[in-house]
Amino acid sequence: MSEALDEFTLMDRPEKNDPLGVLFWICLGWLGLNIFGAVFANLLPLPDPNFGNYSAINASPGLHHLLGTDDLGRDIFSRIVFGSRVSLAVGAGAMIIGFGIGAPLGMLAAYRRGRFDAILTALMYVLLAFPAIIATIAVLSFWTPRALLKIIIVIGLASVPVVYRVIRTATMNIATKDYVIAARIQGATDRRILFKELLPNVAPIGVSFLLIGVATVVILEGALAFLGLSVNPPTPSWGNMINESRTVMAQNPWLVIFPSLAMCLLLLCLNFIGDRLRSHFDVTEVKL
Amino acid sequence: MSEELLIVKDLTTTFATASGPLTAVGDVSFNLHENETLGIVGESGSGKTVLSRTIMGLQPRTNVAVSGSVQLNGFEVVGASEDSKRSIWGTEVAMVFQDPMTSLNPVMRIGKQIDETLRVRLGMDKAAAKARALELLELVGIPSPEQRYRAYPGHLSGGMRQRVVIAIALACSPKLLMADEPTTGLDVTIQAQILNLLDRLKTQMNMSVVLVTHDLGVVATRTSRIIVMYAGRVVETGSTREVFKHHRMPYTRALLESSPKIANQSHTRLQTIPGRPPNLLNLTQGCAFAPRCAYATQRCHQERPELEPSSETGHSFACWNPLPATTSEGASFS
Amino acid sequence: MLLAIVFVVSVGSFYLIHLLPGDPAVVILGTGDNPHNRAVLYKELGLNKPIWDQYFIWMKNIVRGNFGTSFISQTSVASTIRAALPIDVELIVLSQILAFAAAIPAAMRSARHPDGPLDRLLGATSFTLLSIPPFIIIVLLVLFIAIKLQIPHTGPSSYVSLASDWVGNLESLALPAFTLAIASFVVYYRVLRSDLIATLQEEFITLARSKGLSSRRIMWRHAFRPSSVALLGTAAVNIGGLLAGGFVVQYLLAIPGLGYTLIAAIAQSDYLLVQGIVLVVSVGVIAINFLFDFFINLIDPRISRE
């Protein structure tokens with residue numbers, strides 16, 4: 001039946017992209033808040049996240065400690081804000097590496113094809129088959145001592161094959177479109193085509209995937225924390241906090257709830273933004 | 001006077017789109033007798049495909065509103081539930097679709113696709129269904145049916161695929177066959193074959209056929225009556241001969257003239273209809289063809305003409321300023 | 001192709017030991033480090049030979065099933081793995097059965113009535129669940145159980161093996177399987193729903209409809225098969241991804257599968273064991289991927305033709 005309706009879509013129809021919506025901007029705001037908190041944590045009027053106030057152990061949320069304290073008297077709110085640094089640093093850092101390497105390679109390979117593409121893609125697929133999570137766990141457990149930078153590097157490199165594949169596929173879909181071929185025939189240089197035709201069209205997919213990638217990496221950091229492979233305590237990280245809280249859960253439920261909430265909210269926002277961007281820019285998606 | 005197989009009255013189909021309601025089919029009425037072939041002609045966007053689907057009740061289930069009446073052998077299609085419509089689909093009425101590559105299930109063997117109809121609708125067992133399927137394949141002119149039975153649609157040529165679609169449609173011997181542009185996607189040489197096949201089968205199986213197409217050459221010799229559609233409405237209808245020889249509506253004339261004719265000299269300029277097809281979301285209140293019509297009057301732009309039977313000729317048309325009744329040259333397609 | 005991948009994996013696993021700072025022998029021996037043991041180890045693994053020779057010696061052992069003996073636990077790595085592996089397999093199988101059994105009918109229902117009440121509800125729920133990592137689900141569940149039901153969260157494993165008592169076995173695996181199933185369900189539901197909706201728009205579905213076939217038949221016989229390709233692809237990736245989540249879940253609920261064992265091994269610096277588990281799990285995931293690729297080809301012959 002869609003064919004029948006196609007007859008009518010030839011005519012002028014107002015171009016209507018899927019609206020981004022209020023929720024989108026709220027999520028973007030929350031994300032911005034998180035980033036702001038992470039970057040400027042040192043300048044904010046927060047109690048020292050590592051300072052244990054022994055007179056206020058396991059305090060409930062209140063005036064002095066916005067979200068309460070943990071079993072060592074440390075302020076939870078402050079720890080969460082500082083912890084966001086780890087999550088966001090890992091998320092952003094890993095994605096920068098992954099995209100920084102994987103995206104240009106993917107685009108180039110998709111555009112150039114030929115031997116360059118064949119070899120590189122074969123290599124990437126081999127790497128892809130190796131489960132990234134295992135590799136990350138393995139390398140991090142062997143490559144001691146722990147360091148935030150190491151975590152970022154390992155996760156970042158592990159994500160390169162995935163990014164490569166996604167970007168390459170997306171670019172191929174566009175590079176084979178007629179208007180790109182037309183540009184080539186008209187004599188546009190490769191550089192021009194890459195920047196003017198391919199990049200703007202791959203960007204939306206790339207950005208949306210990037211956000212979802214950040215979300216995935218944040219989850220990964222959390223999981224690594226449980227395995228003891230994340231940053232060493234007492235450095236606060238959401239994963240560490242949740243992990244450490246297990247022993248005192250019954251006495252101090254806030255210790256579990258707040259970091260979990262912080263993580264889930266951030267993930268929710270990232271996923272939502274990524275999803276909305278994708279459906280906003282993808283005009284080929286089936287709409288009902 | 002043979003029985004009326006199909007009675008269509010004031011049929012209107014409206015789609016609820018993101019940009020507002022779109023009336024794809026507006027107030028269409030006609031009758032179809034047994035063993036008759038009716039042609040529905042129009043350009044892309046004329047609503048002919050939507051019409052054929054709506055007649056069968058095959059329009060999408062959501063965001064579509066249908067009003068009017070379609071009586072098929074006494075069964076009222078408009079407003080019927082999907083369940084009750086299912087009881088007539090395949091057994092009373094069937095459809096041949098335009099593109100056999102997309103209308104056949106690409107991952108199911110063609111034999112199975114025919115079997116399915118026979119087993120589910122006629123309750124045949126496996127062996128009987130296979131035997132009948134092979135018969136049908138032969139009937140539609142597919143050589144070596146035994147081999148083809150196990151083939152996937154992708155293995156067959158375009159013409160053969162369409163024959164399979166026809167076989168599926170005929171499996172339960174429906175009384176009415178809707179053929180929606182059955183040859184448009186095929187090679188010209190195959191087109192004639194398929195159309196001849198349809199002619200033959202129609203007589204053999206005692207069916208009526210509704211042939212939907214944009215190609216006037218197709219309807220000229222194979223239909224007894226035609227309907228000309230524009231912007232979802234019927235603008236001219238009558239016996240094929242009448243309409244070809246004594247058409248009154250300028251759109252019909254333009255349509256006839258824009259078809260290339262073999263008889264013409266080489267390098268004869270192709271006639272086109274100026275302007276663009278109308279935007280169905282934004283129809284003017286007058287005749288939909290007025291903006292492109294060479295004979296349009298003030299009234300044409302303001303008031304929409306109704307379909308009126310003509311006194312001089314034997315057919316009906318909708319036009320305020322029709323062409324003169326006596327046209328010496330009819331279009332001929334030989 | 002498969003060989004190339006396995007080769008890379010084996011090299012990677014092998015090299016892990018050498019990532020550690022210092023002498024690998026010291027690391028492996030851990031507390032059992034003394035000149036005598038060191039000498040033995042050097043001879044066994046050929047640690048003073050060039051790295052390629054070491055690799056070959058290691059590979060030879062692996063192929064013969066000899067993963068080495070952990071100096072920390074004094075048991076052979078191979079036997080440890082062999083004991084823990086079936087638990088993982090069972091956990092994965094159970095969770096996937098649950099996930100598919102829920103996702104397939106739900107996706108079908110949603111695809112038939114898009115934007116209906118069920119579709120909207122499932123859509124919102126699945127999206128939210130997507131953002132909650134499995135370990136948080138477990139932690140919160142445990143919290144809930146500990147507080148509300150006053151059951152203290154203790155250490156000893158509640159796992160009951162299949163051989164001894166299958167009812168107890170299912171009971172003990174119910175919670176982790178369920179948690180993993182949730183994560184899988186969310187992904188499968190979304191992918192299948194989206195694919196089904198796209199497939200239902202195709203012309204051959206209209207033709208099937210025009211044959212007078214029932215909705216159920218159309219859904220299962222015509223729409224499902226082409227749509228399941230992406231689902232299987234997702235399943236292959238998801239099962240691989242289940243590992244990280246699975247590990248943590250096992251650890252939290254003291255289920256002695258490979259994940260639990262791995263975490264314990266890392267904590268105890270039992271590097272031989274870690275190495276062995278990494279190798280086994282990697283090869284397993286690769287094998288699963290190839291298996292799924294095989295099934296995908298079976299379902300959609302077009303892919304093999306392309």
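## A buried valine in chain B

In this predicted model, B:Val70 counts as buried because 21 C-beta neighbours lie inside 10 Å, where 20 or more are required for that class. The residue belongs to strand 4 of chain B, and, leaving aside residues up to four places away in sequence, B:Val70 touches B:Val8, B:Leu11, B:Ile55, B:Val77 and B:Val78. B:Val70 and B:Ile7 are 63 residues apart in sequence, yet their C-alpha atoms are 5.8 Å apart in space.

## The sheet of chain B

Four strands of chain B form an open sheet in the order 2-1-4-5, and their pairing is antiparallel. The edges are taken by strand 2 (20–33) and strand 5 (75–76) of chain B, each of which has a single partner strand, so that one side of each is left without a neighbour in the sheet.

Strand 1 (residues 4–17) of chain B pairs with strand 2 of chain B in the antiparallel sense over 10 bridges, and within this part of the sheet B:Ile7 has B:Asn31, in strand 2 of chain B, as its bridge partner. Helix 1 (residues 48–56) of chain B packs on the sheet, where it touches strand 1, strand 2 and strand 4 (64–72) of chain B, and its direction makes about 65 degrees with that of strand 2 of chain B.

## The contact between chains A and C

The contact draws 37 residues from chain A and 49 residues from chain C. On the side of chain A that touches chain C, the elements giving two or more residues are helix 1 (2–9), helix 4 (114–129), helix 5 (132–142), helix 8 (190–226) and helix 10 (254–281) of chain A. By class, that side of chain A has 28 nonpolar, seven polar and two charged residues.

How values were computed. Residues are numbered from 1 along each chain as its sequence is written. Chains are lettered from A and ligands numbered from 1 in the order in which they are written. This is a predicted model: local features need pLDDT of at least 70, side-chain atom pairs count only at pLDDT 80 or more; totals for chains, interfaces and linings use all residues. Two residues are in contact if their C-beta atoms, placed from the backbone, lie within 7 Å. Ala, Val, Leu, Ile, Met, Phe, Trp, Tyr, Cys and Pro count as nonpolar, Asp, Glu, Lys and Arg as charged, and the others, Gly among them, as polar. Two strands pair if DSSP finds at least two bridges between them. Axes are lines fitted to C-alpha atoms, for helices over the stretch in contact, and angles run from 0 to 180 degrees between N-to-C directions. A residue is buried if 20 or more other C-beta atoms lie within 10 Å of its own, exposed if 12 or fewer, and partly exposed in between; C-beta atoms are placed from the backbone.
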